[in-house]
Amino acid sequence: MASQIARWLGLALLASCVFARSAQPRPKPGGQPVDPYDPVAPEPKPAANTPEQKVLQLVNRYRQATGLPPVVLDAKLRQGCMEHAEYMRRNRGTEAMVGLNAHQQRPDLPGATAAGAACGKAADLFPGVSDLEAAVDAWMSGLYHRRPILTPSLARIAVGYAKLDDGSLMAALMFVDGDDPSAAGRWPVSYPSDNQTAIPLEFGNEIPNPVPGGARAGYPLTIQFPAFDKVTGVKARLTDAKGKPVAFFLSDPEHPATSFGQYGVVCLIPKRPLEPQRRYEVQVEATWKGKQGRWTWSFTTVTLTRVDAHDEAAVIHALNVPSMVRGKVVHGGMMDSETAFLQIGERTMKRYKMVSVLIPRAVWQELGGNPARFTGKTVEAEGTPHLVQGKYINVPITIAEQLRIVEP
């Protein structure tokens with residue numbers, strides 16, 4: 001699905017079909033159909049350390065932050081999700097994985113099953129991620145993938161994954177709504193929630209990408225209404241703690257950023273990464289079901305973890321954690337036509353091959369475009385370390401201010 005550069009960067013190629021239902025129920029061995037959306041009997045509680053349980057705990061932490069009730073794992077649907085993840089693995093790198101195609105199984109392709117197809121139509125997908133918790137964090141860093149996780153009526157989830165040769169995973173998270181009548185009173189849902197802390201700084205790499213030009217940007221700020229309610233006349237404002245306006249892209253039901261369904265979400269995407277350890281205020285005005293409303297909330301961004309790139313254990317501990325990574329530059333240059341890199345820390349590592357700061361071409365030119373400026377010098381890079389192909393640790397930056405020389 002991803003180009004080689006996207007796989008190298010370790011950026012999520014995410015695809016979401018937020019509201020979809022199985023076209024055909026999965027048959028029981030005895031021939032009777034099973035509707036995956038029927039209520040399920042209680043399942044044995046999985047062990048606390050299983051991948052599925054870790055995903056459940058993280059999803060419920062996100063929901064708890066917004067005042068939403070927890071969801072449960074649906075063991076009945078797990079097999080279909082495992083099958084769809086295996087389908088993605090077996091068809092990786094083909095046309096079947098391009099764009100949103102991964103959501104629609106082709107019955108003539110390897111690994112295709114009816115249960116897997118049902119999952120694909122109703123799941124967030126991640127083709128190549130270091131672990132499942134990182135996938136959940138990445139889905140929450142987008143516009144389209146966040147919505148199903150924070151839907152008030154969500155009752156059950158199912159998790160699927162398949163391991164690639166490099167140790168990374170094909171991941172699927174399936175959503176099933178319940179019939180709790182109290183869910184209607186929990187709209188709208190804003191995220192980050194009011195007074196929430198430790199909020200990440202950057203937008204994920206989402207397909208479809210609502211950021212103009214596909215550029216990197218700040219963490220999305222959303223308020224979501226019921227999917228098919230009429231939401232009009234949206235006005236929004238984002239300010240820092242001093243009241244200074246912060247520039248953002250706005251995507252709302254009347255003015256969606258892409259042709260993909262907005263489904264009641266109003267989304268502010270800051271044009272630049274948010275500043276660490278800063279407080280921001282969001283204000284949204286809109287007419288919802290014919291009534292004018294105003295919603296205001298504040299949040300504080302994460303404090304960066306300081307990491308020594310020469311300390312392999314510290315770097316590993318900081319995977320998927322917004323960090324300030326410090327290290328001496330060993331060498332650098334253009335990784336391909338779009339991305340430069342600077343290897344920092346130790347030239348050789350015990351467990352991984354290298355730690356690199358990844359720099360977009362335009363930013364690299366802004367920084368001088370010459371690795372000799374950095375080689376042998378100590379730098380600090382603001383970014384989130386990601387494990388790629390099971391052996392590379394990449395720290396992507398978005399703007400020039402995220403990289404600086406601290407010792408000549």
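Me: Is E52 buried or exposed, and what is its relative accessible area?

Reply: This is a predicted model, in which local features need pLDDT of at least 70 and side-chain atom pairs count only at pLDDT 80 or more, while totals for chains, interfaces and linings use all residues. Residues are numbered from 1 along each chain as its sequence is written, and side-chain values use heavy atoms, without hydrogens or water. Buried means under 20% relative accessible area, exposed over 50% and partly exposed in between (1.4 Å probe, protein chains only), and E52 is buried at 9%.

Me: Which residue forms a salt bridge with E52?

Reply: A salt bridge puts a side-chain nitrogen of Lys or Arg within 4 Å of a carboxyl oxygen of Asp or Glu, and here the closest N and O atoms are 2.4 Å apart, between E52 and R78. E52 lies in helix 2 (residues 51-65) and its partner in helix 3 (residues 75-90), so the pair ties together parts 26 residues apart in sequence; helices are DSSP runs (H or I, at least four residues) and strands likewise (E, at least two), numbered from the N terminus. The partner is partly exposed, at 30% relative accessible area, and is R78.
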